Amino acid sequence: MSHTPDLKGSSFTLSVLHLSDNDVEKTIHFLKEKVEQAPAFFTSAPVVINVSLVQGDIDFSVLKQGISDVGMIPVGITGSKDKRTQNMASEAGFAIMSASKSPAQAPATMAPTKIIRTPVRSGQQIYAKDADLVVLNHVSEGAEVIADGSIHIHGTLRGRAIAGANGNKGAVIVCNKLHAELMSIAGHYWLTEQFAEEFWQQKVLFGLDDDSLKFELLTI
């Protein structure tokens, strides 16, 4: 057995912040609001900055410090083909990243479905690693359920539900009554204010369609 370090490739789900301009102060204010809305989801979360739409120079040093100050972890930039912009970002301590061309895959062998029969209380976190998660009860406000596969909640979802945590874009979230704080599929997320009123307190399926989140009403 080797006792030396090893370096291997892997894949992780990262939040990507898409900038529309080079107004760093506006960006930091936006991130601060997001962290305050869902601190359990965003605090210490790694974030990559997509700069493909930005015209003009970005103050990467101020941006990096601002991201750290709101409690997130600045990782790198993506979307830039301009060497000068890349050099400026690198000098500020950002990694230069390129988007993966191949979609994330579910593990070859999924673990048995994790089944929770009791309510998930505020402050609790349930994680189904390499598996689907079934909750035969309610998920309270302030609680968090996470699965590398799909999540099925046979009650009211008041807390946060994060499916496809390993990058599986085919994962879905189903709940009998939508009242959630946050829902996420493979790193794509919506907060409460992004839910259309027609789906509120309804039985829904939440998933990704061509990298866009969507709800479906379920009548069965």
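The protein splits into domain 1 (15–96) and domain 2 (114–217), with the bounds coming from an automatic or database domain assignment. Keep in mind that this is a predicted model, so local features need pLDDT of at least 70 and side-chain atom pairs count only at pLDDT 80 or more, while totals for chains, interfaces and linings use all residues. Residues are numbered from 1 along each chain as its sequence is written, and side-chain values use heavy atoms, with hydrogens and water left out.

Let's begin with how the two domains meet. Taken over C-alpha atoms, the centres of domain 1 and domain 2 are 27 Å apart. Six residues of domain 1 are in contact with eight residues of domain 2, where contact means heavy atoms within 4.5 Å. The size of an interface is often given as the accessible area lost when the parts come together. Here the area buried between domain 1 and domain 2 is about 640 Å², counted as the accessible area (1.4 Å probe) that the two parts lose on being put together, summed over both. Carbon and sulfur atoms give 69% of that area.

Now for the sheet. Five strands line up in the order β6-β8-β10-β12-β13, forming an open sheet with mixed pairing. Strands (E, at least two residues) and helices (H or I, at least four) are DSSP runs, numbered from the N terminus, and two strands pair if DSSP finds at least two bridges between them. At the edges stand β6 (125–128) and β13 (188–191), each with a single partner strand, so one side of each is left without a neighbour in the sheet. From one strand to the next, the twist averages 10°, based on axes that are lines fitted to C-alpha atoms, with angles running from 0 to 180 degrees between N-to-C directions.

Walk across the sheet from β6. In a regular strand the side chains alternate between the two faces of the sheet. Buried here means under 20% relative accessible area, exposed means over 50%, and partly exposed is in between (1.4 Å probe, protein chains only). Strands β6 and β8 run parallel and are joined by four bridges; Q125 has E144 in β8 as its bridge partner.

Next along, β8 (residues 144–147) runs parallel to β10, with three bridges joining them, and I146 stands opposite I162 in β10. Strand β10 (residues 160–163) is covered on both faces: R160 and I162 on one side, and A161 and A163 on the other, are all buried. On to β12: β10 pairs with β12 in the parallel sense over four bridges, and A163 sits opposite I185 in β12.

What about the packing? The largest nonpolar core has 31 residues, and L133, V145, I151, L178 and M183 have the most contacts inside it. A nonpolar core is a set of buried Ala, Val, Leu, Ile, Met, Phe, Trp, Tyr and Cys residues joined through side-chain atoms within 4.5 Å. Take I151: not counting residues up to four places away in sequence, I151 touches L133, V145, I146, A161, I162, A163, V172, I173 and V174. A second, separate core of 28 residues includes V54, F60, A92 and F94.

F60 also turns up as a partner of T85, which contacts F60 and S80 once neighbours within four places in sequence are left aside. T85 is found in helix α4 (residues 83–91) and, at 16% relative accessibility, counts as buried.

Finally, have a look at some loops. S44, between α2 (39–42) and β2 (46–50), has a positive phi of about 65° although it is not a glycine. At 47% relative accessibility, S44 counts as partly exposed. D210 lies in the loop between β14 (204–209) and β15 (212–217), has a positive phi of about 55° without being a glycine, and counts as exposed at 73% relative accessibility. E193 has its place in the loop between β13 and β14. Leaving aside neighbours within four places in sequence, E193 is in contact with K34 and Q37.
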